[in-house]
Amino acid sequence: MAWLELSLRLQEADPDSVSAFLIDIGALGTEIIDQRDVDQFPDDYLGTITQGMDLSRYQDQPLVKAYFDQNSDQDQLLDQIHQAWGSQISPDQVSFNRLEDQDWGSAYKTYYQPIQLSRYLRIVPLWQQDQDQASDQDGQAIYLDPGLAFGTGSHATTQVALKLLELTIRPGDRVYDVGTGSGILAIAAAKFGASWVRGLEYDGQVLDTARENVVVNQVDQVVEIAQADLLAGQSDQVDLITANIVVEILLPLVPQAYDLLKVQGRLLLSGIYKDNIDQMQTCLRDHNFAIELVVRRGDWYGILASKGRDASCKDIL
């Protein structure tokens, strides 16, 4: 199968909003290459955060790439972009390229590079596993082939979720990861010391990808992957529930999570756009969660909350 690659070099429009729009009009996947993401990486003064990254990919203006079915109408796509974005995106900022199957595979691997999220955690493409292990680096590595699943570690929402997970996970924790996608958060939880993790995913097409990533990372004795609609059908109470998905899905998840968390259990939410952060915090408070920590990267937020606001403490905000 061939693919139609659409590239947008942005000047005014917000890359995350454009990416979401392209998904809405039929893109099967998107990628954002934005210098600002690199600029926002914390500086540990040792150069470990950007080590191994191809910084030449990042230019002054953000680049958004989207991949459509090969039969998509280019003129129709241009018209939809113009109607939605007007003068913010001019025709000369848009280009198309047709990728055959072999080209698609190689292009996706070219753009998916190792990501050093902190001094203690890095995300490495599966095809670079041998090279990474030979380098004898410190800290934890997660090896991924994301396939069609969300969760490569490159998006701000995944990075926020991983940062919060690293801060909150405790040895022996039992965890649900809702909307597990590639399995990245479930795998990270296991590597950080969780004793049992169940990754839940509604999209049956990505279950095999998540399971393969679990095996590759040698956490299959701890992590299991199951198909479910949010937390439907789950009965075991756990210490921690994680979810990196859109607010429209996070909102109905909150009351389900409350019932399945132990006393003082923690809820880690990411995927919250700046326009929705107040709504999300209100929802958590209304369902008796105490907000412990709010983290921001660019226009995206993550929240760490604990069950039992009435009996615990005041919110931080």
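The secondary structure of the chain comes to 10 helices and 14 strands, assigned as DSSP runs (helices H or I, at least four residues; strands E, at least two) and numbered from the N terminus. This is a predicted model, in which local features need pLDDT of at least 70 and side-chain atom pairs pLDDT 80 or more, while totals for chains, interfaces and linings use all residues. Residues are numbered from 1 along each chain as its sequence is written, and side-chain values use heavy atoms, without hydrogens and water.

**Overall chain**
- Of the 317 residues, 52% count as buried (under 20% relative accessible area, 1.4 Å probe, protein chains only).
- Contacts (heavy atoms within 4.5 Å) between residues at least 6 apart in sequence join residues at least 24 apart in 67% of cases.
- The chain exposes about 14800 Å², of which carbon and sulfur atoms supply 46%.

**Helices α1 and α3**
- Helix α1 (residues 15-24) packs against helix α3 (residues 74-85) at an angle of about 135 degrees, with the axes 12 Å apart.
- From α1, S17, V18 and F21 meet Q80, I81, A84 and W85 of α3.
- By class, this contact of α1 with α3 has five nonpolar, two polar and no charged residues.

**Helix α7**
- Eight of the eight residues of helix α7 (residues 184-191) are buried, so this helix is largely enclosed by the rest of the structure.
- The buried residues of α7 include I184, L185, I187 and K191.
- G193, which follows α7, has a positive phi near 120 degrees.

Note on methods: Axes are lines fitted to C-alpha atoms, for helices over the stretch in contact, and angles run from 0 to 180 degrees between N-to-C directions. Ala, Val, Leu, Ile, Met, Phe, Trp, Tyr, Cys and Pro count as nonpolar, Asp, Glu, Lys and Arg as charged, and the others, Gly among them, as polar. Buried means under 20% relative accessible area, exposed over 50%, partly exposed in between (1.4 Å probe, protein chains only). Accessible areas come from the Shrake-Rupley method with a 1.4 Å probe; for residues, only the protein chains shown count as cover.
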